[in-house]
Amino acid sequence: MRTSKPYTNTTFTRRVDHEAGRHRPVQTGAGPQVCERCGAAYIKRRWVAAGVPQVESVKTLAAPKMVVCPACRMAADGRFAGEVRTGGAFLATHHADIEHLIRGEAGRAAEDNPMARILSMTFEAPDRLIVRTTTEHLAKRLGEALHKAYHGTVHYGFSHENKFAHVTWMRDE
């Protein structure tokens, strides 16, 4: 059914961007850049993990500019972009397995994006674990891995204004 209301773009023009793109890394200057803390390199508009032959050749051949990568900056500032809250009686009895799964999944995510890291993993109680990540995609990925491996219930919450993901996974025996 057609409507008489004319199409307007008010949905997008009225959205306020309070952060004004601060979540995007600002890389100025020509040439490669290397993080002075973790050793990751910014090559061809992409961060590459330390230890890759491409990064090692950049460190030796060129005189790279030493900077602090966005993930190390978030860790230093105490900011995080994703939070995974887990809980339930199942966590209390299998916390070593769940911690191993989370660290393994974060390692696999770092192969694709070296800026995706776990900032902290805190056991508040035997049946409560909070994991804070540098990217909202890693938080979602951890929630999906927990749900796939151990079932339970998972809930995803995303904030559209400040690039934040809140994931809750619960399982009782």
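Here is a short tour of the structure, stop by stop.

**Before you click.** This is a predicted model, in which local features need pLDDT of at least 70 and side-chain atom pairs count only at pLDDT 80 or more, while totals for chains, interfaces and linings use all residues. Residues are numbered from 1 along each chain as its sequence is written, and side-chain values use heavy atoms, with hydrogens and water left out.

**Whole chain.** Show the protein chain as a cartoon and you'll find six helices and nine strands; these are DSSP runs numbered from the N terminus, with helices being H or I of at least four residues and strands E of at least two. Switch to a surface: the chain exposes about 11100 Å², and carbon and sulfur atoms supply 53% of it (Shrake-Rupley method, 1.4 Å probe; for residues, only the protein chains shown count as cover). Of the 173 residues, 32% are buried, meaning under 20% relative accessible area with a 1.4 Å probe, protein chains only; exposed is over 50%, and partly exposed is in between.

**Helix α6.** Select residues 136-150. This 15-residue helix runs 21 Å from its first C-alpha to its last, close to the 21 Å expected at 1.5 Å a residue (the expected span is 1.5 Å times one less than the number of residues). Colour its buried residues, among them Leu138, Leu142, Leu146 and Tyr150. Then step just past the helix to histidine 151, which takes a positive phi of about 60 degrees.

**Threonine 86.** Jump to strand β5, residues 82-87, where threonine 86 has its place. Threonine 86 is buried, at a relative accessible area of 3%. What is threonine 86 in contact with, leaving aside its neighbours within four places in sequence? Look for Leu91, Asp127, Arg128, Leu129, Leu146 and Trp169, with contact meaning heavy atoms within 4.5 Å.

Select residues 153-159 and 164-170: β8 and β9 pair in the antiparallel sense over seven bridges (pairing takes at least two DSSP bridges). Glycine 157 stands opposite histidine 166 in β9. Four residues lie between the strands, and in this hairpin lysine 163 takes a positive phi near 55 degrees.

**Two cysteines.** Finish at cysteine 69 and cysteine 72. Why is there no bond here? The sulfur of cysteine 69 is 3.4 Å from the closest cysteine sulfur, in cysteine 72, which is too far for one; a disulfide needs the pair within 2.5 Å. The structure holds zero disulfides. Cysteine 69 is buried at 0% relative accessible area, and cysteine 72 also counts as buried, at 8%.
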